[in-house]
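Q: I have a structure open and want to talk it through. Can you take my questions as they come?

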Amino acid sequence: MNQRPLSPHLQVWRWGPHMLVSILHRATGDGLALVGLGVLVWWLGALASGPGAYATFQGAMGSPLGMVVLVGLSWAFFTHLMSGLRHFVLDIGAGYELDTNRLWSIASPIIAIVLTAAFWAVILTR
Amino acid sequence: MGNGTSIGRVRGLGAAHEGPHHWLLQRFTAIGNVVLMAWLLVSLAMLGDFGHANVVKWLVHPVSATAMILLVVSLFWHARLGLQVLIEDYVHEAGTKFAALAALNLATIGGGAFAIFSVAKLAFGGIA
């Protein structure tokens, strides 16, 4: 590109919930695409390759680091899901009133954390 | 219509008419992801035993195998569209952008094909 001026990026703006939920949507989406799909492909490939390969997968995912990855992916999924559902509402032209917009910008990531905790509570208590 | 700056060269031409296609596909695949991920998470929660034999027994059922293959298609398509936007936003040099998009296509189509083949192999009764 040439030397044309660029608009300022993240660093010049005062943080607010709308900005946070937008950045979280992109960060979690790209994290899911790059890491989550890798884990999904490994899981399915290991299943198809037999018990030995699957044991390697289970060993990696059952380790402390693996659990951090899995919990992180589930959090990223629920966060991306909630902000994505928020986008669907915005797409139909609703939810742009300042108070409503702010409310759901704050609520979406919080609901996502609750859903993540609930999911793991179900998995770990069975 | 000017011919000096990049904005001057496109001003007055109207819309490119190819934006909505990408935007709509992202929404359609998002809907697929919501439905199929709900199926996957409920299935995982109900599975309980994550040992190889039990997971394979669940996955080779025709409904599970079909849903998993559809999930792989929907997820990889959605990820492909999302990462394309990431590349277009942050990679500005034309050659690098072309290479990044080409690599993205290889990775998503290759990964998706491998995942689908893995499910099909189990469903059609390979070893395991």
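Q: Let's start with B:Ala67. Is B:Ala67 buried, exposed or partly exposed?
A: B:Ala67 counts as partly exposed, because it has 18 C-beta neighbours inside 10 Å. A residue needs 20 or more to be called buried. Bear in mind that this is a predicted model.

Q: Which helix is B:Ala67 in?
A: B:Ala67 sits in helix 4 of chain B, which covers residues 62-90.

Q: And what is B:Ala67 in contact with, leaving aside its neighbours within four places in sequence?
A: With those set aside, B:Ala67 touches B:Leu36 and B:Trp39.

Q: How many residues apart in sequence are B:Ala67 and B:Trp39?
A: They are 28 residues apart in sequence. In space, the C-alpha to C-alpha distance between B:Ala67 and B:Trp39 is 8.1 Å.

Q: Zoom out to the rest of chain B. How many helices and strands are there?
A: Chain B has five helices and zero strands. Reading from the N terminus, the order is α-α-α-α-α.

Q: What radius of gyration does chain B have, against a compact globule of 128 residues?
A: Chain B has 20 Å, whereas a compact globule of 128 residues would come out near 14 Å. Along the principal axes, its C-alpha atoms fill a box of roughly 65 × 25 × 20 Å.

Q: How many of the residues of chain B count as buried?
A: The figure is 19% of the 128 residues. As for contacts in chain B with a separation of 6 or more, 63% of them are between residues 24 or more positions apart.

Q: Now chain A. What is its secondary structure?
A: Chain A comes to four helices and zero strands, running α-α-α-α from the N terminus on.

Q: What are the box and the radius of gyration for chain A?
A: The C-alpha atoms of chain A fill roughly 55 × 45 × 25 Å along the principal axes.

Q: What share of chain A is buried?
A: Buried residues are 25% of the 126 residues in chain A. Of the contacts in chain A with a separation of 6 or more, 77% come from residues 24 or more positions apart.

Q: At what angle do helix 1 of chain A and helix 4 of chain A pack?
A: The angle is about 45°, and the axes are 8 Å apart. The two helices, helix 1 and helix 4 of chain A, are therefore oblique to each other. Their crossing is left-handed.

Q: Which residues make that contact between helix 1 of chain A and helix 4 of chain A?
A: Helix 1 of chain A gives A:Pro17, A:His18, A:Val21 and A:Leu24. Helix 4 of chain A gives A:Asn101, A:Arg102, A:Ser105, A:Ile106, A:Ser108 and A:Pro109. By class, this contact of helix 1 with helix 4 of chain A has five nonpolar residues, four polar and one charged.

Q: Last topic, the two chains together. How many residues does each give to the contact?
A: Chain A puts in 21 residues and chain B puts in 27 residues.

Q: Which elements of chain A give two or more residues to the side that touches chain B?
A: They are helix 1 (17-49), helix 2 (51-62), helix 3 (64-91) and helix 4 (98-125) of chain A. Helix 1 of chain A has the largest share, with 10 residues.

Q: And by class, what is on that side of chain A?
A: The side of chain A that touches chain B has 15 nonpolar residues, four polar and two charged.

Terms used: Residues numbered from 1 in each chain as written. Chains lettered and ligands numbered in written order. Predicted model: local features only at pLDDT ≥ 70, side-chain atom pairs only at ≥ 80, totals over all residues. Contact = placed C-beta atoms within 7 Å. Nonpolar A, V, L, I, M, F, W, Y, C, P; charged D, E, K, R; others polar. Axes fitted to C-alpha atoms, helices over the stretch in contact; angles between N-to-C directions. Parallel < 35°, antiparallel > 145°, perpendicular 65-115°, else oblique. Left-handed = near helix turned anticlockwise from the far one by under 90°. Buried ≥ 20, exposed ≤ 12 C-beta atoms within 10 Å, placed from the backbone. Rg over C-alpha atoms; globule rule 2.2 N^0.38 Å.
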